[in-house]
Amino acid sequence: MWTPVSVKFSSVPKKEEIPPVVDFERRKTIKDIRKDFYMESIPHFAERFINASFGIDPLEGFTEALGKIKELSDEYTCRLMEHKLQELDQALFEDRSLRKNWTVEHKGVPREILTEQGTVTYSRRYYRNKKTGERRYLLDDLVGIEPYERVEAGLSSRLCEAAMDDSYQKSAK
């Protein structure tokens, strides 16, 4: 008979305290900072998406209409993510308590990430730590984008899976 195992997290030894690059406990504050802006801008994105969807005619063919809807949806997803990243970058800049000891060294540094939905292009600020001299893109750290990452992790794994499947199909022939 199976019996559940009880694990107490307090018994797990703590790792050595590492000061965070960004105060991740204050993510809610970032959302609060830009809430008013989101409330104004998200309906604008939705309106553009809805207006563009009126141009899709299922009478041209069901499969073609589905393809156009997916294309439109992917484009909307990429533009919305770009907008959200820009807003997070601005929130990090405006609230110094989120980035203690970090000062802006460069702004508007472009970045492109290839995703399953398309290319997400955004710009962000490059920060320097006043105490250590370390330099980082705090926005990338905040959202989990690795340095030099050009292909989003989800897309990378799907590409690897597809490559493995294709190899097996070719070898079976």
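Mentor: Gladly! Let's start with a rule: two strands pair if DSSP finds at least two bridges between them. Keep in mind that this is a predicted model.

Trainee: How do you know that strand β1 and strand β2 pair?

Mentor: β1 (residues 102–115) and β2 (residues 118–129) share 11 bridges in the antiparallel sense. The rule asks for at least two, so they pair. I113 stands opposite V120 in β2, and a hairpin of two residues joins β1 to β2.

Trainee: What makes β2 and strand β3 a pair?

Mentor: Two bridges join β2 to β3 (residues 135–136), and the strands run antiparallel. At least two are needed, so this pair qualifies as well. Y127 stands opposite R136 in β3. Five residues lie between the strands in this hairpin, where G133 takes a positive phi near 80°.

Trainee: Why do β1 and β3 stand at the edges?

Mentor: The three strands form an open, antiparallel sheet in the order β1-β2-β3. β1 and β3 each have a single partner strand, so one side of each lacks a neighbour in the sheet. Helix α2 packs on the sheet, touching β1 and β2, and its direction makes about 10° with that of β2.

Trainee: Why is I69 called partly exposed?

Mentor: I69, in helix α2 (residues 62–94), has a relative accessible area of 42%. Buried means under 20% and exposed means over 50%, so 42% is in between: partly exposed.

Trainee: Which residues make the nonpolar surface patch?

Mentor: F62, L66 and I69 make this patch, about 320 Å² in area.

Terms used:
Residues numbered from 1 in each chain as written. Predicted model: local features only at pLDDT ≥ 70, side-chain atom pairs only at ≥ 80, totals over all residues. Heavy atoms only, no water. Patch = residues over 30% accessible without salt bridge, like charges linked within 9 Å, V, L, I, M, F, W, Y side chains within 5 Å. Areas by Shrake-Rupley, 256 points an atom, 1.4 Å probe, with all protein chains shown as cover. Salt bridge = Lys/Arg side-chain N within 4 Å of Asp/Glu carboxyl O. Helix = DSSP H or I, 4+ residues; strand = E, 2+ residues; numbered from the N terminus. Buried < 20%, exposed > 50% of the residue type's maximum accessible area, 1.4 Å probe, protein only. Contact = heavy atoms within 4.5 Å. Axes fitted to C-alpha atoms, helices over the stretch in contact; angles between N-to-C directions.
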